[in-house]
Amino acid sequence: MKIELSTFERTYLKGLAHQISPVVMIGNSGLTESVMREIAISLDAHELIKIRVQGDDRAARVALYEQICEQLDAAPVQHIGKLLVLWRPSDKERIALPKSKKALKAMP
(Lines give C-alpha, C1' and ligand atoms only; values in the text may rest on other atoms or scores of the structure.)
Protein backbone atom coordinates (compact mmCIF):
# COMPACT_ATOMS: atom_id res chain seq x y z
CA MET A 1 0.00 0.00 0.00
CA LYS A 2 1.65 3.18 -1.17
CA ILE A 3 0.93 6.32 0.83
CA GLU A 4 0.00 9.34 -1.26
CA LEU A 5 0.59 12.78 0.23
CA SER A 6 -1.12 15.97 -0.88
CA THR A 7 0.98 19.00 -1.72
CA PHE A 8 0.29 20.76 1.58
CA GLU A 9 1.03 17.59 3.58
CA ARG A 10 4.33 17.19 1.75
CA THR A 11 5.15 20.87 2.37
CA TYR A 12 4.45 20.44 6.07
CA LEU A 13 6.68 17.34 6.30
CA LYS A 14 9.49 19.08 4.38
CA GLY A 15 9.42 21.85 6.96
CA LEU A 16 9.68 19.33 9.80
CA ALA A 17 12.47 17.42 8.04
CA HIS A 18 14.57 20.53 7.56
CA GLN A 19 15.88 20.39 11.12
CA ILE A 20 16.56 16.64 11.39
CA SER A 21 19.81 14.85 10.53
CA PRO A 22 20.14 11.68 8.45
CA VAL A 23 19.67 8.56 10.58
CA VAL A 24 20.64 5.95 7.97
CA MET A 25 23.37 5.95 5.34
CA ILE A 26 23.33 3.77 2.25
CA GLY A 27 26.95 3.08 1.31
CA ASN A 28 28.71 1.38 -1.57
CA SER A 29 27.12 -1.99 -0.74
CA GLY A 30 23.74 -0.56 -1.70
CA LEU A 31 20.38 -1.43 -0.23
CA THR A 32 21.16 -4.54 1.79
CA GLU A 33 18.73 -6.40 4.02
CA SER A 34 20.32 -4.91 7.14
CA VAL A 35 20.00 -1.37 5.73
CA MET A 36 16.31 -1.97 4.95
CA ARG A 37 15.79 -3.29 8.48
CA GLU A 38 17.48 -0.21 9.95
CA ILE A 39 15.30 2.09 7.81
CA ALA A 40 12.17 0.24 8.97
CA ILE A 41 13.23 0.52 12.63
CA SER A 42 13.94 4.25 12.20
CA LEU A 43 10.57 4.84 10.55
CA ASP A 44 8.81 3.04 13.40
CA ALA A 45 10.68 5.13 15.95
CA HIS A 46 10.49 8.55 14.29
CA GLU A 47 7.92 8.43 11.43
CA LEU A 48 9.89 11.07 9.48
CA ILE A 49 13.51 10.28 8.60
CA LYS A 50 16.34 11.38 6.35
CA ILE A 51 18.58 8.91 4.56
CA ARG A 52 21.97 9.82 3.03
CA VAL A 53 22.93 7.92 -0.12
CA GLN A 54 26.54 7.63 -1.27
CA GLY A 55 27.28 7.73 -4.97
CA ASP A 56 26.85 10.25 -7.74
CA ASP A 57 24.35 8.39 -9.95
CA ARG A 58 21.05 10.26 -9.64
CA ALA A 59 19.07 7.56 -11.44
CA ALA A 60 20.35 4.95 -8.96
CA ARG A 61 19.30 7.18 -6.03
CA VAL A 62 15.81 7.61 -7.50
CA ALA A 63 15.53 3.84 -7.97
CA LEU A 64 16.62 3.26 -4.34
CA TYR A 65 14.09 5.85 -3.15
CA GLU A 66 11.24 4.19 -5.03
CA GLN A 67 12.29 0.72 -3.87
CA ILE A 68 12.45 1.75 -0.20
CA CYS A 69 9.05 3.46 -0.35
CA GLU A 70 7.46 0.47 -2.07
CA GLN A 71 8.91 -2.22 0.20
CA LEU A 72 8.33 -0.35 3.47
CA ASP A 73 4.98 1.28 2.61
CA ALA A 74 6.46 4.73 3.15
CA ALA A 75 5.61 8.02 1.50
CA PRO A 76 8.29 9.86 -0.45
CA VAL A 77 8.54 13.39 0.91
CA GLN A 78 11.63 14.87 -0.71
CA HIS A 79 14.71 13.87 -2.70
CA ILE A 80 17.29 16.61 -2.72
CA GLY A 81 20.85 15.82 -3.71
CA LYS A 82 22.01 12.77 -1.82
CA LEU A 83 19.32 13.08 0.86
CA LEU A 84 16.04 11.17 0.84
CA VAL A 85 13.20 12.10 3.17
CA LEU A 86 10.57 9.46 4.00
CA TRP A 87 7.46 9.42 6.15
CA ARG A 88 5.41 6.51 7.41
CA PRO A 89 2.79 6.82 10.16
CA SER A 90 3.32 4.65 13.22
CA ASP A 91 0.90 3.35 15.83
CA LYS A 92 1.84 6.19 18.19
CA GLU A 93 1.16 8.88 15.56
CA ARG A 94 3.90 11.34 16.49
CA ILE A 95 3.24 13.63 13.54
CA ALA A 96 -0.27 14.88 12.84
CA LEU A 97 -0.68 15.95 9.24
CA PRO A 98 -2.71 19.07 8.47
CA LYS A 99 -6.19 18.34 7.12
CA SER A 100 -6.26 21.25 4.70
CA LYS A 101 -4.22 24.11 3.30
CA LYS A 102 -5.85 26.49 5.79
CA ALA A 103 -4.90 24.19 8.69
CA LEU A 104 -1.31 24.20 7.42
CA LYS A 105 -1.14 27.99 7.69
CA ALA A 106 -2.57 27.89 11.21
CA MET A 107 -0.03 25.35 12.49
CA PRO A 108 2.97 26.66 14.45
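**Charge, fold and core packing in a predicted model**

The protein carries 16 positive and 13 negative side chains. The centres of these two sets lie 9 Å apart. The model is predicted.

The fold comprises 4 helices and 4 strands. Along the sequence, these elements follow the pattern α-β-α-β-α-β-β-α. The radius of gyration is 14 Å, close to the 13 Å that the globule rule gives for 108 residues, so the protein is as compact as a globular protein of that length. Along the principal axes, the C-alpha atoms fill a box of roughly 45 × 30 × 25 Å. Contacts between residues 24 or more positions apart make up 68% of those with a separation of 6 or more.

Burial and surface composition were then examined. Of the 108 residues, 39% count as buried.

In soluble globular proteins, nonpolar side chains tend to be buried together. Here, the largest nonpolar core has 19 residues. Ile26, Leu31, Ile39, Ile51, Ile68 and Leu86 have the most contacts inside this core. At least two core residues come from each of β1 (24–26), α2 (33–46), β2 (48–53), α3 (58–72) and β4 (83–87). A second, separate core contains 12 residues. Among them are Tyr12, Ala17, Leu48 and Ala75.

Neighbours within four places in sequence are left aside here. Ile51 is then in contact with Val24, Ile26, Ile39 and Ile68, among others.

Two loop residues stand out by backbone geometry. Glu47 is not a glycine, yet has a positive phi of about 70°. Glu47 lies in the loop between α2 and β2. With a relative accessibility of 0%, Glu47 counts as buried, because the cut-off for burial is under 20%. Asp73 also has a positive phi, near 55°, and is likewise a residue other than glycine. Asp73 sits in the loop between α3 and β3 (75–80). The relative accessibility of Asp73 is 34%, so this residue counts as partly exposed. Thus the positive phi of Glu47 occurs at a buried position, whereas that of Asp73 occurs at a partly exposed one.

Definitions and conventions: Residues numbered from 1 in each chain as written. Predicted model: local features only at pLDDT ≥ 70, side-chain atom pairs only at ≥ 80, totals over all residues. Heavy atoms only, no water. Rg over C-alpha atoms; globule rule 2.2 N^0.38 Å. Buried < 20%, exposed > 50% of the residue type's maximum accessible area, 1.4 Å probe, protein only. Contact = heavy atoms within 4.5 Å. Lys, Arg positive; Asp, Glu negative; His and termini not counted. Charge placed at Lys NZ, Arg CZ, Asp CG, Glu CD. Core = buried A, V, L, I, M, F, W, Y, C linked by side-chain atoms within 4.5 Å.
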